[in-house]
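Let's take a friendly walk through a protein model. Have the sequence at hand and turn the structure around as you read.

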Amino acid sequence: LGIFLSGIPLALFASAFIMALAMNTKTFKEAQSTVGIAMIVPMVPVVVLPMLDLGTKSWMYAVPMVGHGELVKALAKGHAPQMAEWAMLMGVPAVMAIALVIFCAMRLRSERFVMGV
C-alpha cells in the first residue's frame, strides 16, 4: 500500500514533466525525441547507485526515482522508512508536479504560445 501511495505523486510529476518538456519543443518529432530521451535519464541513477554501494541515505528519498527505489529496497529488507523520509518521498514530487502544472498553465494562457505566432 505504501509503494502504491508513494507512486501517485511520482506519476503526477512524471506526466507534468513530460507535458512541460513537450510544450517547449517546436515540432511533434522534436517532442517525441526529447520525451524519449527524458524517459531514460531518470533510470540512470536507479541503476548506478546500487552499483556504488552507498547504502541508504536520507537525502535519497528526496530524489524522485531514487527515493522510490530505496523505498522498495528498504521494504524488501523489512525496514520501514521514517516519517520524514515518507514526507520527502511523497512531498518533493508533489511540489515539483504542482510547479510544472503552474508553468504549463501560464504557457497556455499566452495567446502567442497557443497560436504559434
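## Ground rules

This is a predicted model, in which local features need pLDDT of at least 70 and side-chain atom pairs count only at pLDDT 80 or more, while totals for chains, interfaces and linings use all residues. Residues are numbered from 1 along each chain as its sequence is written, and side-chain values use heavy atoms, with hydrogens and water left out.

## The whole chain

The protein chain has six helices and zero strands; both are DSSP runs numbered from the N terminus, helices being H or I with at least four residues and strands E with at least two. Its C-alpha trace spans about 55 × 25 × 20 Å along the principal axes.

Among contacts (heavy atoms within 4.5 Å) with a separation of 6 or more, 60% join residues 24 or more positions apart.

Two packed helices are described by the angle between their axes and the distance between the axes. Axes are lines fitted to C-alpha atoms, for helices over the stretch in contact, and angles run from 0 to 180 degrees between N-to-C directions.

How do H1 and H4 pack? Helix H1 (residues 2-23) and H4 have axes 11 Å apart, at an angle of about 170 degrees. The two are therefore roughly antiparallel (angles over 145 degrees; under 35 is roughly parallel, 65 to 115 roughly perpendicular and the rest oblique). Residues making this contact include Ile3, Leu10 and Phe13 of H1 and Met65, Val72 and Leu75 of H4.

The axes of H4 (residues 64-77) and H5 (residues 83-109) come within 10 Å and cross at roughly 150 degrees, which makes H4 roughly antiparallel to H5. Pro64, Gly67, His68 and Leu71 of H4 meet Trp86, Leu89, Pro93 and Met96 of H5.

The structure holds one salt bridge, meaning a side-chain nitrogen of Lys or Arg within 4 Å of a carboxyl oxygen of Asp or Glu. The side chains of Lys73 and Glu70 form this bridge, at 3.4 Å from N to O.

Both residues lie in H4, three residues apart, about one turn of the helix. Lys73 is partly exposed, with a relative accessible area of 32%, whereas Glu70 is buried, at 5%.

Conventions:
Buried means under 20% relative accessible area, exposed over 50%, partly exposed in between (1.4 Å probe, protein chains only).
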